[in-house]
Amino acid sequence: MYSYKWDTNTGGYLLTTQTGKFVANEIRPVFAEELSLTGLGKQFMYDKNELRPLLWAQRNIYLLNGEKVAQLNGTKYGQPLSPEYFFEGKLKLVPVDITAMVSNNSEIMDIVVADAKKRVKELYDKDIGRCDTTYIAFSGGKDSIALLDVCNRVLPLSVPVIFSDTDMELPDTYKVWEEIQKRYLEREFYKATSESSALENWRRFAPPSRTIRWCCSVHKSTPALMYLKSKLHKTSIKVMAFVGVRGEESLSRSFYVDSTDGAKNASQLNCMPILDWGAHELWLYIFANNLLLNCAYRKGLTRVGCLMCPESSEKYEWFVDKAYPRLLKPYKDIIIETSSKNFTTTKEKTNFVGSLNWQARKSGAVLKETLTNPLEDINGLIVTFQSPHFSKDLFYEWVKTLGTVVKERGSECQQLKLPNTLDNGIPFSFNAPYTGGGTVTFEFRDATEKEMLLPIIRSFLHKVSACVACRSCETECGVGAITFKNSKIKIDGTKCVKCRKCYEIDYACWRFKSMYKSENEQNKMSGINRYNNFGLRENWVSALTDLGSAFFPWNENHPLGKKMVESASAWFQQACLVEDKTRKLAPLYELFKKYGSDYSLGWDFIWVALANNAVLVKWFVTATEFEKPYMIEQLSGLLGESNPSLGQSTKEGGLAALKDMLTKSPLGGKGAVTLLEMKGKTLKNITRKTKDVDPFTILYGMYLIARKAERGSFTIRELLTADSESVFISPLVVFGITPETFKRQCQGLASKFPDYISTTFTHGNDGLTVFSQKYNTEDIIAIALGE
Ligand code: SF4
Ligand code: SF4
């Protein structure tokens with residue numbers, strides 16, 4: 001990516017041979033439509049019909065020859081704007097001399113474009129041999145329009161362009177879609193759409209959120225993959241997709257490498273040849289080649305996405321609402337209708353939608369209609385599940401992914417025959433009363449069978465409770481056992497190999513995940529103020545290493561107060577410094593004893609342990625984003641949003657403990673997992689930071705979550721997702737490790753410690769195993785101690 005400087009001769013900019021990074025500081029051209037639409041134009045004199053850019057903008061700041069001339073404040077859905085100007089009187093705007101700007105930059109742009117073309121070819125040649133097909137992804141945005149043009153110069157004409165129409169696209173995007181096909185007449189274009197409408201799915205699944213993005217699977221990747229599968233007449237495919245992703249767009253994307261295999265979808269290899277392009281380079285390419293421009297940009301939208309998106313900003317929704325009046329209303333209505341909140345005034349509703357709190361939803365707990373786990377009754381080897389959400393049809397369809405149902409002749413008895421077994425199977429009965437729902441009872445034959453099957457059956461019952469045939473599972477199945485008929489899922493038991501890849505979505509079903517409400521959520525969260533407002537402090541760890549087992553119980557000579565020792569008891573157990581209940585010193589204690597209470601590796605171990613064991617930290621790491629500062633009031637709002645029935649004092653107590661821990665331990669500060677901004681002695685905001693951790697931390701974290709999950713094998717995809725309901729929180733989520741770095745570190749660990757970890761990252765696989773039957777976290781600490 002080249003740098004740029006403003007050019008008063010053209011009103012545009014000149015690329016310079018310096019390289020630079022512009023994350024979150026993208027520039028964009030500002031057109032007459034935007035000035036009129038926002039009312040900003042009042043102070044400017046300009047031709048309302050001018051097609052060339054009149055200004056440039058960086059976020060909400062408007063620039064003329066690099067000088068700030070105006071700023072838009074308060075761009076929030078449903079709120080009036082307040083423009084601010086930085087000049088006196090009225091300012092006449094002269095259009096940018098695009099022709100001269102393009103010509104002045106052509107030398108450097110030739111290099112940028114040649115590099116991108118070369119990269120397209122390299123990426124294609126490198127991996128096409130192991131892919132069944134390839135396509136150019138099209139979204140109608142500026143990046144995808146430029147990407148298509150670059151790819152068109154290099155890729156064979158047989159490579160089609162696929163537009164995944166989410167049914168929530170901006171009206172201008174549909175216009176671009178019609179037009180773009182006329183520009184590349186020799187190439188095949190295909191529009192992939194879901195069978196059900198976006199609004200229908202918003203009602204069935206409840207609105208998507210940043211962590212529950214069912215919409216991307218149901219309306220984007222699934223339709224495209226289903227199309228390619230049917231085109232190739234194949235049940236399992238490996239696809240190479242050229243996508244217009246750029247690192248400058250967001251901080252998380254700036255960590256990407258330009259080819260990622262299976263990071264978002266196991267069957268897809270993403271190639272990003274313009275990953276390094278800055279917006280200033282992209283705009284030059286668009287102007288130089290007279291490419292189509294989505295009119296949404298002319299209206300002031302900084303990006304082109306869905307009308308209502310869980311990732312969009314307040315500003316984006318303001319512009320969508322203004323540019324396409326009334327189109328947001330149906331989505332807004334569903335956000336209100338599905339929320340468990342009682343709104344009394346229109347203002348409350350507008351604020352709720354405008355504040356974008358609905359995007360922060362982590363589970364179904366804040367919804368009016370929810371799905372819960374079945375009631376479970378375990379009586380020795382007989383286990384009964386009961387739920388008002390069970391459907392008999394779904395039970396007998398999805399049960400084929402567990403085994404074969406065998407009926408005894410002339411009897412009502414049924415058995416679930418597991419694959420590769422010779423016996424008759426596990427007796428079970430399914431009863432569905434007329435009132436709806438159902439009860440299912442399994443009679444396991446021994447304790448090992450029960451232990452092995454119970455977690456699988458629990459996942460299977462999520463599908464039985466919630467499946468509405470969104471087809472996401474169909475794309476996961478490698479043998480084509482899942483089909484879709486009359487809006488229902490059909491499983492071909494003879495084809496199904498019981499691999500349960502279709503269970504890999506968190507909670508085994510998108511809809512269940514989206515609407516799931518834990519039964520005991522309230523009880524769990526109420527534990528967040530058990531720390532007497534104290535956090536885990538470094539000087540407590542120091543006192544523990546001094547006192548050893550004499551730290552508990554408290555006595556009058558103790559260096560800490562009685563309430564502190566009570567609090568330390570909870571924190572130390574959750575941090576794995578002492579053992580549960582017995583409070584016996586745990587091996588992690590030895591690490592601090594040997595290397596001191598500020599030992600950085602030890603605190604990384606503590607952080608991953610707390611993220612898994614302490615409900616407060618678990619909430620914090622799953623509810624907040626990396627690199628985004630949160631004010632304490634904002635955190636309080638988020639905590640209240642995800643746990644509406646939590647009392648004010650509980651919330652305050654929990655947050656006080658969190659603040660105390662971050663300010664008084666190596667978990668907060670420069671180079672730590674959180675960055676703290678102080679105003680005097682008061683903590684103003686907290687930013688979670690990504691951290692390059694020692695491979696030992698990864699190994700420790702993997703053994704820790706293996707104990708939680710009661711298994712040792714994981715896929716990277718499942719390690720990437722987490723919310724406050726997840727059984728475990730992986731080191732990837734805790735430290736913000738990118739999948740590529742994680743893979744590299746795991747491979748390094750596997751070659752150094754083959755007895756402790758193995759990986760299968762080749763040929764599109766993303767599995768790793770830790771040998772939790774043989775070893776545990778204590779063994780990892782022993783290695784760290786050099787024993
Ligand atoms: S079970 Fe699969 S296909 Fe059915 S709704 Fe859930 S994710 Fe979609
Ligand atoms: S993914 Fe596996 S378990 Fe699921 S239907 Fe296909 S073969 Fe069966």
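A residue counts as near a molecule or strand if one of its heavy atoms lies within 4 Å of it.

## Basis

This is a predicted model, in which local features need pLDDT of at least 70, side-chain atom pairs count only at pLDDT 80 or more, and totals for chains, interfaces and linings use all residues. Residues are numbered from 1 along each chain as its sequence is written, chains are lettered from A and ligands numbered from 1 in the order written, and side-chain values use heavy atoms, without hydrogens and water.

## Ligand 1

Around ligand 1 stand Trp398, Lys463, Cys467, Val468, Ala469, Cys470, Arg471, Cys473, Ile505, Cys509 and Trp510. This shell consists of 9 nonpolar, no polar and 2 charged residues; Cys and Trp count as nonpolar, Lys and Arg as charged.

## Ligand 2

The shell of ligand 2 includes Thr401, Cys477, Val479, Cys496, Lys498, Arg500, Lys501 and Cys502. By class, the shell has 8 nonpolar, 1 polar and 3 charged residues.

Strands are DSSP runs of E, at least two residues long, numbered from the N terminus, and two of them pair if DSSP finds at least two bridges between them. Strand 6 (residues 61-64) is antiparallel to strand 7 (residues 67-73), with 4 bridges. Leucine 63 lies opposite lysine 68 of strand 7.
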